[in-house]
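Please look at the sequence and the structure below, and then follow this report, which goes through rings, charges and cores in turn.

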Amino acid sequence: MSSTYYVAPKVCLRDQSNGKVVTFWNGIRAEATVTVPTRKIATKFTELSVQSIPHSDLHINEIVKRQTKRSFAYQSCRKPQFDPAFLEEAYEQCKNLCSEYAKTFYLGTLLMTKERQKAIWAIYVWCRRTDELVDGPNAAYMSSSVLDRWEERLYDIFNGRPFDMLDAALSDTVQNFPLDIKPFGDMIEGMRMDTRKTRYKNFQEIYLYCYYVAGTVGLMSVPVMGIPPESTVPAQSIYDAALYLGIGNQLTNILRDVGEDTLRGRIYLPQDELEQFGITEEEVFSRKVSDKWREFMKMQITRARYYFNQAEEGASQLDKDSRWPVWSSLMLYREILDAIEDNDFDNLTKRAYVGRTKKLLMLPLAYTRSLSISHFMSGRTNVML
C-alpha cells in the first residue's frame, strides 16, 4: 500500500465571521512538552497521591477554547467533495467496526442523533487504528517512521485529503464538528511513548501516558457529544470530566493487563510506588501474588476510582442524547476494577473481565443514570489542576 505524503503538512482554521484563514504548522510535538510540577497537591490517599500533570502544561485549556469558540468552524483549506454514497459506505464501515470491537459502547451510541453517531464511530475507528499500530497484528513492523507517516496522514485528513474510506469518514467529521487536531496528534505521541518506554518512574509519568493514549479521546468526543445550550456548568469543567474518564479507563486497562504486559517486558506501574511497597521488578515478572502486592493493588484501584468519581460530575452535563455511552463506559470500567478485587487482586495470572450478561444488565442502569442531571457546582475548584 502506498500513498503520497506532504513535506510540510498544515491545518487551517477558518474564522467564519470575516473569512480569515489561520494556518498552524506542525505544532503538535512542541505543544506536547510537559514540565512535571514540584509543588505539593493537597489531596492524597493514605499511601499514594493523585498528583497529576497541570492542564496548563498539557495545553488543554487552549484545546477547549478552540473547540468551543462559536465563531470558528474547524475546516480544511480545501473542503473535500465526497459522493454521498461513498460517505454512507465509509460511515457504515466505521459503525460495523465499532459494533464488533466495542459492543457496549456501540449500544450506548444508538440514542444519539444520526450525525453524532457517525462522528463518534469515525473517531473510534481512527483511535483504534492508531492503537493497533503499536499493539495490533502488525506491531512487529512498528518504527518511528511509521508513526511519522501516520501523523502526516492525520494532517491530510484534517486538510480534506483522506487516504482511504475510513479516513474519509473522519475527514467529513472534522468538517461537521469543531474538532481540534491536537488531541489526535497527542494520541500519536502516546504511541511513540510505547515504542521507546517500558518503565515509568512515578505516577506523573503514568498520568502523562494515560493522557496521551486515552484522555485525548475524551477531548475529541465532547464537541461531538455536545453541551446543551442551557448548561450553567463551564465547558472547561465538562472537558476536565471527559479527560478524567479517559484517565480512569486507562488506569483500569493498566491494572487489568499487568500480567500480559510483563510477558512483553513492560511494567506500566510507578516504580517509586512499587519500591514504597517493597515490590521489586523481579517479583512482578515472577507473577506471584503476595500480600504486599494485594495492598499495592488496593491503592492503585482506589486511585482509578478517584478519577471515575471526578468524571461522574461532568457525565450528566453532556447533551441528553449523548450521555448513555459515557455512563456505559464509566460503569463498565468500574466493574473491571471490581473483578480484579473478586480475583483476590491476582491480575498477574488472571485477566479481569465483565461477562456478557453483566454487561447487558448494566446498560439499563447506565441509561437510568444518564437521565439524571448532576448538581455539579460551576464554581468548584478541582484539586487536580
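Lys197 lies over the face of Tyr200, at 5.2 Å from the ring centre, and in the case of Arg128 the charged end sits over the ring of Tyr101, 3.7 Å from its centre. A charge counts as sitting over a ring if NZ of Lys or CZ of Arg is within 6 Å of the ring centre and within 35 degrees of the ring normal.

This is a predicted model, in which local features need pLDDT of at least 70 and side-chain atom pairs count only at pLDDT 80 or more, while totals for chains, interfaces and linings use all residues. Residues are numbered from 1 along each chain as its sequence is written, and side-chain values use heavy atoms, with hydrogens and water left out. The protein chain averages a pLDDT (the predictor's confidence in each residue, from 0 to 100) of 82, and 80% of the residues score at least 70.

The structure holds 17 aromatic pairs. Rings of Phe, Tyr and Trp (its six-membered ring) pair if their centres lie within 6.5 Å, and planes under 30 degrees apart count as stacked, over 60 as edge-to-face and the rest as tilted. Two of these pairs are set out here.

| Pair | Centre to centre | Angle between planes | Class |
|---|---|---|---|
| Phe203 and Tyr307 | 6.3 Å | 40° | tilted |
| Tyr211 and Tyr212 | 5.4 Å | 50° | tilted |

Phe203 lies in helix H10 (residues 203-225) and Tyr307 in helix H15 (residues 291-315), so the pair ties together parts that are 104 residues apart in sequence. Helices (H or I, at least four residues) are DSSP runs, numbered from the N terminus. Both Phe203 and Tyr307 are buried, where buried means under 20% relative accessible area, with a 1.4 Å probe and protein chains only. Tyr211 is buried as well, with a relative accessible area of 0%, and Tyr212 is buried with a value of 4%. Phe203 and Tyr307 also belong to one aromatic cluster, together with Tyr207, Tyr244 and Tyr306.

A nonpolar core is a set of buried Ala, Val, Leu, Ile, Met, Phe, Trp, Tyr and Cys residues joined through side-chain atoms within 4.5 Å. The largest nonpolar core has 97 residues, and those with the most contacts inside it are Trp126, Phe184, Tyr207, Tyr211, Leu269 and Trp293. Helix H10 gives the largest share of this core, 15 residues. A second, separate core of 13 residues includes Leu87, Ala90, Ala122 and Tyr124.

Key: Helix = DSSP H or I, 4+ residues; strand = E, 2+ residues; numbered from the N terminus. Buried < 20%, exposed > 50% of the residue type's maximum accessible area, 1.4 Å probe, protein only.
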